[in-house]
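Dear colleague,

I am handing over the structure below, and I would be grateful if you could look through it alongside the notes that follow.

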Amino acid sequence: MAITGGGNYFEDFQPGQVYVHARGRTVSELDNYLITLMTLNTAQSHFNRDYMARMLEGVYPERLVMGAVTMSICIGLSSEDLSENAIADLEYTGISFPAPVFHGDTLYAETEVLEVREADRPDAGIVRCRVTGRKQDGSTVFVGERTFLVKRRSHWQERDGQFLSSRLPRELRGWAEG
Amino acid sequence: MRIEVRRGNYYEDFVEGRRFFHHWGRTFTLQDTLTFSTLTQQHNPLYFNEEYARYLGYQGVPVNPLLVFATVLGLTVEDLSEAGGPFLGVDDLRFGVPVYPGDTVYAVSEVVSRRESRSRPGWGIVEWRTVGFNQRGEVVVQYRRRNLARMRGAEGQ
């Protein structure tokens, strides 16, 4: 009914909650090349396989998926549960990439809520959480704390519920009453 | 005449306090951010629905902050980490004013600290502070980043 989900307003988050996100994502060569190259990143370890075979005595067998790609995919996997109703991203900290990611690895994410607090506006609150990304063998590939501003149900849910119904085609207006 | 081109800086180049004005800058388009946000599954319509973004009070779909960060990072790579090794971490990453399609971002960095690696001879750990800003001089993102940096003598290892 509503434009966004109803279970992830500010009021729904409490410290200690751990969300195990529903979907995984196999990282493709496209993901890594597109984002690495569109962001003008010139580090060959992300796009030159021959160079990788020689770097650091060849400890990496393949091109590395760029850190911001891994981070973005892990945040993406968490986003429908955590930040679908977010108004703004404020901060990240404690970002690290404990194990390398290669094309073909599959990532999963979970998120622990660390803190909820008031914002400087009445219609939203601030959530701080820790997102952890793991790959298919269980090794951790991304950790980071994320802080975002999210709508309060008390101020937004009714309007969010009307977003689609107020735009219905004339012949479907009856659906809004249902 | 053949000119063997090498890119990047080494541990010895990262004297504490040294400042870098990074190359190029980059202008964002709406397509950039829609592609990025949908490819990485950022499931908040703020990042792919123009009407919803205005409903939240934005001027239009803002460039996804993760794309702003990744681009500012990308602009710094040739100066800071291209010749180096693995990325160790990022802290205190804070977003400033929203970035919109049509805006251009630039990046500058400063060496915060460096030390030699105990476990890996020939390498050191360098920390930089990077600031990304737009065409009006407004800060869009800033962060501290640590990386392994190769020493000159260790080249080829």
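In this predicted model, helix H1 of chain A (residues 29–38) packs against helix H3 of chain A (residues 67–82) at an angle of about 115°, and the two axes lie 9 Å apart. The crossing of H1(A) and H3(A) is right-handed. On the H1(A) side the residues that meet the partner helix are A:Asp31, A:Asn32, A:Ile35 and A:Thr36, while H3(A) brings A:Ala68, A:Val69, A:Ser72 and A:Ile73. Sorted by class, this contact holds 4 nonpolar, 3 polar and 1 charged residues.

The contact between the chains comes next. Chain A gives 37 residues to it and chain B gives 38 residues. On the side of chain A that touches chain B, H1, H3 and strand E3 (86–96) each supply at least two residues, and the largest share, 10 residues, comes from E3(A). By class, that side of chain A has 18 nonpolar, 12 polar and 7 charged residues. Strand E3(A) also pairs across the two chains, running antiparallel to strand E3 of chain B (residues 87–95) over 3 bridges; within this pairing, A:Tyr92 stands opposite B:Leu93 in E3(B).

Within chain A, several pairings involve strand E4 (residues 106–118). Strand E1 of chain A (residues 18–20) pairs with E4(A) in the antiparallel sense over 3 bridges, and there A:Tyr19 stands opposite A:Thr111. Strand E2 of chain A (residues 25–26) is likewise antiparallel to E4(A), joined to it by 2 bridges, with A:Thr106 as the bridge partner of A:Thr26. E4(A) pairs as well with strand E5 of chain A (residues 124–135), again in the antiparallel sense, over 11 bridges, and in that pairing A:Glu115 stands opposite A:Arg128. E4(A) and E5(A) form a hairpin, with 5 residues between the two strands. When you follow the side chains here, please bear in mind that in a regular strand they alternate between the two faces of the sheet.

Turning to chain B, helix H3 (residues 65–80) has 16 residues and reaches 22 Å from its first C-alpha to its last, close to the 22 Å expected at 1.5 Å a residue. H3(B) is mostly covered, with 16 of its 16 residues buried.

Most residues other than glycine have a negative phi, yet B:Trp24 has a positive phi of about 80° although it is not a glycine. B:Trp24 is placed in the loop between strand E1 (19–21) and strand E2 (26–27) of chain B. Is B:Trp24 buried or exposed? B:Trp24 is exposed, because 11 other C-beta atoms lie within 10 Å and the cut-off for that class is 12 or fewer. B:Asp92 likewise has a positive phi, of about 50°, and is not a glycine, but B:Asp92 is found in strand E3 of chain B. With 14 other C-beta atoms within 10 Å, B:Asp92 is partly exposed.

With kind regards

Methods: Residues numbered from 1 in each chain as written. Chains lettered and ligands numbered in written order. Predicted model: local features only at pLDDT ≥ 70, side-chain atom pairs only at ≥ 80, totals over all residues. Axes fitted to C-alpha atoms, helices over the stretch in contact; angles between N-to-C directions. Helix = DSSP H or I, 4+ residues; strand = E, 2+ residues; numbered from the N terminus. Left-handed = near helix turned anticlockwise from the far one by under 90°. Contact = placed C-beta atoms within 7 Å. Nonpolar A, V, L, I, M, F, W, Y, C, P; charged D, E, K, R; others polar. Pairing = 2+ DSSP bridges. Expected span 1.5 Å × (residues − 1). Buried ≥ 20, exposed ≤ 12 C-beta atoms within 10 Å, placed from the backbone.
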